[in-house]
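Please open the structure in a viewer and keep the sequence beside it. The tour below says what to select at each stop.

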Amino acid sequence: MFYLKVLEITSLYTILVLGVYLMTGLTGLFSLGQGGFVSIGAYTAAIAFMKFNLPFPVALIMAVVMGAVLGFLIGIPTLRLRRDYFLLITFGLGEMVRAALLYLSQLTGGALGMAGMPRMVGLPLILISIIFITFILYSLKRSRFGRNCVAVRDDEMAASMMGINVYAQKMKVFIISSAITAYGGALYAFNILFIEPNLFNWLESGRLIIITFVGGLNSIAGVIVASAIYYSFGEFFRFIDVWRDVLLGVVVILVVIFRPGGLFQGLELLPKKLIEKVKRERL
Amino acid sequence: MNFNLILQQLLNGISLGGVYALMAVGFGLIFNVLKFSNFSHGGVVTISAYFGYFMSQYVFPNFVITFILTAIFGGFLGVLIEKLIFRPIRLKGAPLTLFLVNSITAAMLVQQFFAVMWGDNYYPYPEFIKETAIHMGEFTISKIYLLMLSISAFVLLVLGYIIKKTKIGIALRAVSSDIRTPSLMGINIDFVISMAFFFAGVLGGVTGYLLGMAFTVDPFIGSMIIKGIVAAIIGGMGSLGGGVIAGLILGVAESLLIAEIGASLTPIVVYASIILLLLIRPEGISGKTYIVKA
């Protein structure tokens, strides 16, 4: 039971990390406001379900749409500019969302948060979501779309010379990422059953970015492993749990300095590849 | 809102804006040289605030000595951070994204470390000034705020002189405009970058001390750096003068907004107006644009 719970929470966060992976890992867009998108997703779903009595699937879809629309709106002014502007405006967005949720206390419960959602999301749904999202991301990564992303990440100017519409590419990526993140937030709301405005501050957003870098920029498998280790760590090592973030920080800096491609470099754990590797070693 | 209250808030805003300007310049110095957003500056501010607190509380209960010590401490802290986490990746020629990751990580690391070690307490600086306010007719001017303003102005003026007139300042500007060529002219780039981090660190130390004195010391004091970065953006990334002006504007705008519409709505209005500003005039007040060179 305990391990099930740990697995649930870890998986929930892994969805968020996957959302960030597409924009930060593949495309090199840093957002310190993904926490804001998590909150938007969580609150949209919760409010739609609780206050407007919409069915649960509709609430989920609304959360995803809200995330995507917000991503689009924020993307318009910022994605044309240097990455630093994007970083800062997304940070501001996170703070704005927090302030707005506190202010609109009629709808959101303010600082008291929202509770009393029925437990609509169990482990099966979360795991299916992860598999589905991983599949989408993997397909995107291997397609022309993903290669465009990597080109934009590594050198924007060269990418635009090769005929990639950098702005449009970033916009698509940001919208997809925001949608995934908001979806993760909605699942969170109906699994943890309690949400409050301060749950996802900029530190949480920063953490999502950092975990992506530990896992490896070019490896979805690496990112999933890194996030699984990080988020289950505290449950198994309670005595040093408070030092978890400090430890993570040290690890990240070491990884960035000594192994800039992340722990997994470009390795993907695909069944086919693994079987091939085993076969090769036997021969 | 009556006229006196507006004037009062204006004064407070300018003092607070002075500290924002300090942060904006500390941030801008590093941005100019290495072209990345240095979030670890917030870490310097936090550590300096604690350092200043412990110095003034337990070692020398003297304002001037501890203040200068903290400033120098901040400077060396900046150099240390550069040596530890930025130099290794710079020498490898790592892309800017990795600098950004390291700086965000460092900021997080410091904040979490202090939260674990001393997070459950607030530490007020000792009262250096006995009577904290000057009464002039209907006005009340906080002496601490007045001190903040004059110190900020002084530090910025000195820095302006260093950058404009001295040899190291000229080298700094040369490296800012092009990081490769100056080494052909016999400038030691590593040293210049260290100096940039030293100056930024001194500003961070001063900021930490002033913030700690004006409010209380807690692990999240470094998050104030975001105000500095906002000011740097409004001022135009990389323009130090623009950053100072924008810092003052931001401080005043915040104070007035808080008095007018309350503290809960203020961040919404501030960030929304910055998004609007970026739509209309992305190059900020100074109008300098940064072109990504191939």
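Predicted model: local features only at pLDDT ≥ 70, side-chain atom pairs only at ≥ 80, totals over all residues.

**Between the chains**

Select chain A and chain B together. Here 36 residues of chain A are in contact with 36 residues of chain B. Now colour, in chain A, helices H3 (56-78), H4 (83-103), H8 (156-161), H10 (202-215) and H12 (244-258): each supplies at least two residues of the side of chain A that touches chain B. H4(A) gives the largest share of that side, 13 residues. By residue type, the side of chain A that touches chain B has 26 nonpolar, 5 polar and 5 charged residues.

**Two helices of chain B**

Next select residues 225-235 of chain B, helix H9, and residues 240-261 of chain B, helix H10. Their axes come within 7 Å and cross at roughly 120°, which means that H9(B) is oblique to H10(B). The crossing is right-handed. To see the contact, show Lys227(B), Val230(B), Ala231(B), Ala232(B), Ile234(B) and Gly235(B) on H9(B), and on H10(B) residues including Gly242(B), Ile245(B), Ile249(B) and Leu250(B).

**The nonpolar core**

Which residues touch the most other members of the largest nonpolar core? Select Ala45(A), Ala46(A), Ala63(A), Ala186(A), Ala24(B), Val25(B) and Ala196(B), out of 174 residues in that core.

Finish at Val25(B). Leaving aside neighbours within four places in sequence, Val25(B) is in contact with Leu156(B), Leu159(B), Leu203(B), Leu240(B), Gly243(B) and Val244(B). Gly243(B) also belongs to the contact of H9(B) with H10(B).

Technical notes: Residues numbered from 1 in each chain as written. Chains lettered and ligands numbered in written order. Contact = placed C-beta atoms within 7 Å. Helix = DSSP H or I, 4+ residues; strand = E, 2+ residues; numbered from the N terminus. Nonpolar A, V, L, I, M, F, W, Y, C, P; charged D, E, K, R; others polar. Axes fitted to C-alpha atoms, helices over the stretch in contact; angles between N-to-C directions. Parallel < 35°, antiparallel > 145°, perpendicular 65-115°, else oblique. Left-handed = near helix turned anticlockwise from the far one by under 90°. Core = buried A, V, L, I, M, F, W, Y, C linked by C-beta atoms within 7 Å. Buried ≥ 20, exposed ≤ 12 C-beta atoms within 10 Å, placed from the backbone.
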